[in-house]
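I opened this notebook to keep track of what I looked up, entry by entry, for someone who has not seen the structure before.

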Amino acid sequence: MYRADTSRAIDIMALFFIAIVITIASIAPLASGLQVISHDADFYFFLNKHEIVRTSIIDFHKFPFWSHWSGGGYPVLGDPHFPALNPLVIFTLLFGSITGLKVIGYLMLLSGGIGTFLFTRKTLGYTIWGAVYCGIMFGISLYGPLRIADGNVTEAYALLLPGC
């Protein structure tokens, strides 16, 4: 009984350590305020989609089925990249479009690191040190930050896979 409680406490401390390392690595983009992540066309594309949702819901109190801001009128609900039905759009509503996309990217990195730790520790049976190393390396590897830096935050959703 004592061993199981100790192992659980060590796992929780390891999760906090992974979260702290990923947060430290993500401080610069999160602290940049309303400065855009990149001037890539992808970032402005997704920023436009999130701004349509935010403006429609916050300013006009309507669910965005149609956008008159895109090309004179566009049925945005049929767009596969439209985030209105994405549960993470709540961060866009709370923090604004630019900061919301940054928070979504940060949460993808954090969940990727934590999910990898849990996968390697519980499913693959790694030791605590091996699982912590895998969680940190996956969480701060270049795959996620490069997808976010390119502006296509939706490609970073692949970081959720280890937690599945």
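**Entry on Leu34.** I began with Leu34, which I found in the loop between α1 and α2, and I kept in mind that I was reading a predicted model. Is Leu34 buried or exposed? I noted a relative accessible area of 67% for Leu34, and because exposed means over 50%, Leu34 counts as exposed. When I set aside its neighbours within four places in sequence, I still found Leu34 in contact with Ile98 and Thr99. I also looked up how Leu34 lies relative to Val53, and I wrote down that the two are 19 residues apart in sequence and 18 Å apart in space, C-alpha to C-alpha.

**Entry on Thr55.** I then turned to Thr55, whose place is in helix α2, residues 41–59. Which residues does Thr55 contact, leaving aside its neighbours within four places in sequence? I found Phe60 and Trp69.

**Entry on helix α5.** Next I looked at α5, which runs over residues 128–140 and has 13 residues. From its first C-alpha to its last, α5 reaches 18 Å, which is close to the 18 Å expected at 1.5 Å a residue. I listed the buried residues of α5 as Ile128, Ala131, Val132, Gly135, Ile136 and Gly139. Seen down the axis of α5, these buried residues fall within an arc of 130°, so I recorded that they line one face of the helix. As a reminder to myself, an α-helix has 3.6 residues a turn, so residues three or four places apart point the same way. On the face of α5 turned away from its buried side I found the exposed residues Trp129 and Tyr133.

**Entry on the largest pocket.** Last, I looked up the largest pocket, which has a volume of about 290 Å³. It is lined by 15 residues, and the closest to its centre are Ala25, Ser26, Pro29, Leu109 and Pro145.

Methods:
Residues are numbered from 1 along each chain as its sequence is written. This is a predicted model: local features need pLDDT of at least 70, side-chain atom pairs count only at pLDDT 80 or more; totals for chains, interfaces and linings use all residues. Side-chain values use heavy atoms; hydrogens and water are left out. Helices (H or I, at least four residues) and strands (E, at least two) are DSSP runs, numbered from the N terminus. Contact means heavy atoms within 4.5 Å. The expected span of a helix is 1.5 Å times one less than its number of residues. Buried means under 20% relative accessible area, exposed over 50%, partly exposed in between (1.4 Å probe, protein chains only). The arc is that of the directions from the helix axis to the C-beta atoms. On a 1 Å grid over the protein atoms alone, a cavity is a set of points where a 1.4 Å probe fits but cannot get out, and a pocket is an open set with protein on both sides within 12 Å along at least five of seven lines; lining residues have an atom within 4 Å of a point. Grid points are joined across faces, edges and corners, and a volume is the space filled by probe spheres set on the points.
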